[in-house]
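Please look at the sequence and the model first.

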Amino acid sequence: MLEIEDLNLLSILYETKSMKETAKALKIKDASVKSKLDQIETKISIKLVSLNADAVIFTNAGLSLAKDAEYIIKYIRSAITNSQIIDMDDKMKLKVGSAIFSPDRILLSSLEGLKDELKNIEIERVHVFSMEETLKHLESHVDILSTYYDDRLLKKYSLSALELKKEKAMIALSNKSELKDLSLLDIEDLYGKRLYIYKKGYLKAFDQIRADIKEYHKSIEVETIDSFDLNLENKIDEEDACLLTFKEMEGCFSDLILKPVLWNYSTQFGILYKKDANDKVKKVINLLKAQN
């Protein structure tokens with residue numbers, strides 16, 4: 001099988017028709033060109049050229065291969081150039097994750113306040129479909145995101161965080177619920193209802209509430225969910241159920257209303273980024289730290 005170096009040699013040889021010019025282009029000795037050419041012919045068992053002094057005369061098979069080699073090399077160079085352009089575009093973009101569990105209102109507002117300092121960086125919102133996959137591969141598709149977290153989550157995904165605030169867990173209700181007019185809920189108000197909680201292992205606050213309900217408030221039916229979506233919102237409305245959530249997620253629901261609860265379960269909200277973040281992300285984080 002021919003290597004890229006072999007194709008490059010054939011491409012240059014086709015263009016120059018000269019062993020010396022090919023050697024000069026490749027920055028090798030003339031004899032090395034002949035040696036490499038012999039190796040190529042041996043690899044594919046095809047006679048490619050005949051030599052008349054420095055002049056190169058291609059066989060029909062050699063001419064066909066050399067023309068294809070020239071096309072392949074040009075294509076590779078074009079692909080590399082396109083990739084470099086995309087890379088430069090990416091370096092000039094800050095991709096901000098956006099999803100139900102990654103509300104970006106505060107982050108985007110903060111970045112807007114830094115528009116003079118970030119005038120050479122374009123802010124791009126990227127919708128996040130899987131929080132776990134996004135956290136696992138942060139900077140692959142998303143540079144930073146604002147979300148709820150704790151020390152366990154940071155350690156699991158090797159991330160750093162800029163904390164913006166701490167928030168108590170809240171309850172999202174249907175706007176038809178009989179609890180909608182209460183300004184503050186007690187946990188006993190949830191008795192006899194179904195409470196949806198995000199899957200185990202994501203946030204300690206969720207896991208602690210789940211465990212305490214199981215032990216002390218058995219009349220609350222806990223159901224674990226894997227994601228937040230419109231179907232879940234419809235379920236809550238139809239079942240007069242509840243969802244464990246946080247204040248910053250309020251704008252992500254079309255019909256649900258959020259209520260504070262008389263309890264002390266809380267977690268941190270802030271901006272997550274890779275520990276070994278690139279220079280662009282480091283600059284943004286340092287500006288946000290100074291701003292906050």
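The model is a predicted one. The protein chain contains 10 helices and 12 strands. Its C-alpha trace spans about 95 × 45 × 30 Å along the principal axes. The radius of gyration of the protein chain is 31 Å, whereas a compact globule of 292 residues would have one near 19 Å.

Contacts and surface come next. Taking contacts between residues at least 6 apart in sequence, 75% join residues at least 24 apart. Of the 292 residues, 43% count as buried. The protein chain exposes about 16300 Å², and carbon and sulfur atoms supply 50% of this area. Among the side chains, 45 are positive and 50 are negative. The centres of these two sets lie 6 Å apart.

| Core | Residues in it | Named members |
|---|---|---|
| Largest nonpolar core | 53 residues | F101, I171, L243, L244 and W263, those with the most contacts inside it |
| Second, separate core | 18 residues | including L10, L37, I40 and V56 |

Which residues is L243 in contact with, leaving aside its neighbours within four places in sequence? L243 is in contact with M170, I171 and A172, with L195 and Y196, and with I225, F228, L232, I236 and F253.

Definitions and conventions:
Residues numbered from 1 in each chain as written. Predicted model: local features only at pLDDT ≥ 70, side-chain atom pairs only at ≥ 80, totals over all residues. Heavy atoms only, no water. Core = buried A, V, L, I, M, F, W, Y, C linked by side-chain atoms within 4.5 Å. Buried < 20%, exposed > 50% of the residue type's maximum accessible area, 1.4 Å probe, protein only. Contact = heavy atoms within 4.5 Å. Helix = DSSP H or I, 4+ residues; strand = E, 2+ residues; numbered from the N terminus. Rg over C-alpha atoms; globule rule 2.2 N^0.38 Å. Areas by Shrake-Rupley, 256 points an atom, 1.4 Å probe, with all protein chains shown as cover. Lys, Arg positive; Asp, Glu negative; His and termini not counted. Charge placed at Lys NZ, Arg CZ, Asp CG, Glu CD.
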